[in-house]
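Please examine the sequence and the structure shown below.

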Amino acid sequence: GMVKVTCGSSACASCKTSAFCSTKDREFSAYNKTGGPLNAGDVVELYLPPGKTIFAGFIALLLPVLLFPLGYYLPTIFKLNVGEGIQILFGLGGIAVGFLIGRLFSKVKGREYIPEITRLLEEVSQADE
């Protein structure tokens, strides 16, 4: 099943994506693929496939930016005679559509992008609790 996980700052030091991560000291869900029970305080290894991580980052961050020029030039494509201010508003609309697509993607495909716990690194003994 699913468990709640937090990344401490010591764990973030060895992570390759720590500079871009928004989960530092926050709680998120992960699949327990270890096959065994986990206790609060256990240190685990998380895995997210790099291809999926890059694609999710593209959808969340780059798609809205790439849709700005499309929205900006949309009035020109349809031969609408509007000023630059209106074109900028269309560009901002493109950004909004990009974020909306990212949100919908997260709702529909989000479960495929949940990190997996691959192994238990350090188990907290019951006496420590």
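A nonpolar surface patch of about 1,000 Å² is formed by Leu70, Tyr73, Ile77, Phe78, Leu80, Val82, Ile86, Ile88, Leu89, Phe90 and Leu92. Patches consist of residues with over 30% relative accessible area and no salt bridge, like charges being joined within 9 Å and nonpolar side chains (Val, Leu, Ile, Met, Phe, Trp, Tyr) within 5 Å. A salt bridge is a side-chain nitrogen of Lys or Arg within 4 Å of a carboxyl oxygen of Asp or Glu. Accessible areas come from the Shrake-Rupley method with a 1.4 Å probe, and for residues only the protein chains shown count as cover.

This is a predicted model, in which local features need pLDDT of at least 70 and side-chain atom pairs count only at pLDDT 80 or more, while totals for chains, interfaces and linings use all residues. Residues are numbered from 1 along each chain as its sequence is written, and side-chain values use heavy atoms, with hydrogens and water left out.

Two or more residues of the nonpolar patch come from each of α2 (50-77) and α3 (84-109); helices are DSSP runs (H or I, at least four residues), numbered from the N terminus. The largest share, 5 residues, is given by α3. Leucine 89 has its place in helix α3, and its relative accessible area of 54% makes it exposed. Here buried means under 20% relative accessible area, exposed over 50%, and partly exposed in between (1.4 Å probe, protein chains only).

Why is the pair of tyrosine 72 and tyrosine 73 edge-to-face? The ring centres of tyrosine 72 and tyrosine 73 are 4.9 Å apart and their planes stand at 85 degrees, so the pair is edge-to-face. Rings of Phe, Tyr and Trp (its six-membered ring) pair if their centres lie within 6.5 Å; planes under 30 degrees apart count as stacked, over 60 as edge-to-face and the rest as tilted. Tyrosine 72 counts as buried because its relative accessibility is 15%, whereas tyrosine 73, at 46%, is partly exposed. Elsewhere, ring pairs link Phe55, Phe105 and Tyr113 into a cluster.
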